[in-house]
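This report describes selected local features of a protein–ligand model. The sequence and structure are shown first.

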Amino acid sequence: MAKDTKKKRKVKANSNVEKYAICLENINKSYEDGVPALTDVNLKITPGEFVFIAGETGSGKSTLIKLLLREIKADSGNINVCGYDLMRIKRRNVPKFRRNLGVVFQNFRLLKERNVYDNVAFAQRIIQKSEREIRKNVPSILSAVGLAGKYKAKPKQLSGGEQQRVALARALVNKPSILLADEPTGNLDPKNTTEIMHLLEKINENGTTVVVVTHNREIVNLMQRRVITLRKGVIVSDEEKGGYIDED
Amino acid sequence: MKISTFFYTLRQGIINVFRNKWFTLASLATISACLFIFGLAYSLLVNFQHMIKTAEEGVSITVFYDEGLPQEEIDLIGAQIGARTEVSRVVFVSADEAWAEFSAELGEAAEGITENPLVNSANHEIYLSDVSAQTQLVKYIEQIEGVRKVNQSEFTANLFTGVNSLVTYVSIGMIAILLSVSVFLISNTVTIGISVRKEEITVMKYIGATDFFVRAPFVFEGIIIGLIGSALPLVLLYYIYEVALKFLADKFAFLSNLLVTLPVWDVFTVLIPVSLAIGVGIGFFGSFFTVRKHLKV
Ligand SMILES: Nc1ncnc2c1ncn2[C@@H]1O[C@H](COP(=O)(O)OP(=O)(O)O)[C@@H](O)[C@H]1O
Ligand SMILES: [Mg+2]
């Protein structure tokens, strides 16, 4: 079966698209109330890139992330992520597609009643890894994010920074090719913010494409990476080694 | 599906069962009540049926003839009765045989009686294949020329057939009501479970959980409730049945040839698999369709 879908994908995807980890062409999306959240968005991200999506609250950043996760579907345009045509993907293939992505959120979204180890192992169980692999992979990813000593802690016993590290470990343990982070440092103090950003850079250096949504101006200016700025659902700027553009 | 996935989703299902205790208990109680009534009705019905069958195998009508009626005529009437479809067997009992049987019953009291006092008691014992036709048959025989008297066994089949259908209708009604209540409650239990775990389900979907993986724990939850809900009344009924048999044997020994009960295992070899199947079925379908409705992955 896996062989079959792979073949179909090859036939459908054109070579232009295959080059990109993420490719959006003329994407429009508005919610039920009719107010456009994204308008005519064109965006290409190559594998291994580190990209900031910047913009004020309500500018459409989270909508973009949701489109990339195929949590929602665009109204029109073309969107291709990891070789999957998200306008035409079958519902039953969505789980398989999502296994190429890792995602973290501002509010961490850890499972409160499970400890650190189980929160991370959870991701591996979902993709049906064997317990033997899980016992190998989870400790290794936990030490990579600097949480080697906290296996047994419950989320509420951890600081915000530590909780986001657990969330990162969970997002990374399945070795995704793209990491999406929606305001990952929105709830963190400056020290933890810097640490998480360094961790994201490290992850990127290991080959993972990283897309970080933020409206933290200091971080964007400090890191000197590609910055895509959204304003009212429109990409108003896309700069290599850019800075944070203020609304005027 | 991998074995480890099976056990993981099963364990999550068990955790669900304990997570929303009150709804679990409510579902359990209705399923148990439903299957308890089912079990009770079933036990009663098979026993009644058994009693009727036993009664049918026994004598139900005895036909006595006019004094001095020649043997040939008696034989003729016997043959006439035997030709009817509801009659399975006709046995001739001569006066001597009747006396021999009766004196054996009397025991010591019959000693010294040398002449047969039952000269005119030559009779036919009629065995029926369908007890419900008894009353009509008696009417028919009574109007035959030469028949002096027709004795019916005091046991009336009609009573049993009446009770039988009453038990059937009442229990079918109650089972139908309780069945829908239990499906409703299971569905509610699962819905609550889903809403409690909304966050977890969202995260699972982001990670790339398949529909099966997200749904399986809730379906397991339903099956577990159904399984326990059918096991409880079975255990209870087993003890009640044993106690009832003992009670009947002790207090109603004089009716022992009428109240012929079935041994426990004759009833339970059928009742156990059927109850378990119904319980698991309710649990499975109740949760399966709820999960399909609420978990659009
Ligand atoms: N589920 C929704 N239903 C209706 N409107 C929404 C929904 N989610 C977001 N929006 C609207 O879409 C616009 C973009 O929102 P969002 O993508 O969340 O922005 P950001 O993440 O940049 O703050 C906003 O105007 C917001 O009110
Ligand atoms: Mg947002």
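A polar contact is taken here as a pair of N or O atoms within 3.5 Å. The model under discussion is predicted.

**Ligand 1**

| Residue | Protein atom | Distance to an oxygen atom of ligand 1 |
|---|---|---|
| A:G60 | backbone N or O | 3.1 Å |
| A:K61 | backbone N or O | 2.9 Å |
| A:S62 | polar side-chain atom | 2.8 Å |

On its own, ligand 1 has 560 Å² of accessible area, of which the protein covers 62%. The surrounding residues are A:Y31, A:D33, A:A37, A:E56, A:T57, A:G58, A:S59, A:G60, A:K61, A:S62 and A:T63. Sorted by class, this shell consists of six polar, three charged and two nonpolar residues. Helix α3 of chain A (residues 61-68) supplies the largest share of the shell, namely three residues.

**A:N80 in chain A**

Strand β4 of chain A, spanning residues 76-81, contains A:N80. Its relative accessible area is 8%, and A:N80 is therefore buried, the cut-off being under 20%. The side chain of A:N80 reaches two backbone nitrogens: that of A:G83 at 3.1 Å and that of A:Y84 at 3.4 Å.

**A surface patch in chain B**

Is B:W22 buried or exposed? With a relative accessibility of 72%, B:W22 counts as exposed, because the term applies over 50%. This residue belongs to helix α2 of chain B, which runs over residues 21-57. Together with B:F23 and B:L25, B:W22 makes a nonpolar surface patch of about 370 Å².

Methods: Residues are numbered from 1 along each chain as its sequence is written. Chains are lettered from A and ligands numbered from 1 in the order in which they are written. This is a predicted model: local features need pLDDT of at least 70, side-chain atom pairs count only at pLDDT 80 or more; totals for chains, interfaces and linings use all residues. Side-chain values use heavy atoms; hydrogens and water are left out. Patches are made of residues with over 30% relative accessible area and no salt bridge: like charges are joined within 9 Å, nonpolar side chains (Val, Leu, Ile, Met, Phe, Trp, Tyr) within 5 Å. Accessible areas come from the Shrake-Rupley method with a 1.4 Å probe; for residues, only the protein chains shown count as cover. A salt bridge is a side-chain nitrogen of Lys or Arg within 4 Å of a carboxyl oxygen of Asp or Glu. Helices (H or I, at least four residues) and strands (E, at least two) are DSSP runs, numbered from the N terminus. Buried means under 20% relative accessible area, exposed over 50%, partly exposed in between (1.4 Å probe, protein chains only). A polar contact is a pair of N or O atoms within 3.5 Å; within protein, one must be able to donate a hydrogen and the other to accept it, and residues adjacent in sequence count only if both atoms are side-chain atoms. A residue is near a molecule or strand if one of its heavy atoms lies within 4 Å of it. Ala, Val, Leu, Ile, Met, Phe, Trp, Tyr, Cys and Pro count as nonpolar, Asp, Glu, Lys and Arg as charged, and the others, Gly among them, as polar.
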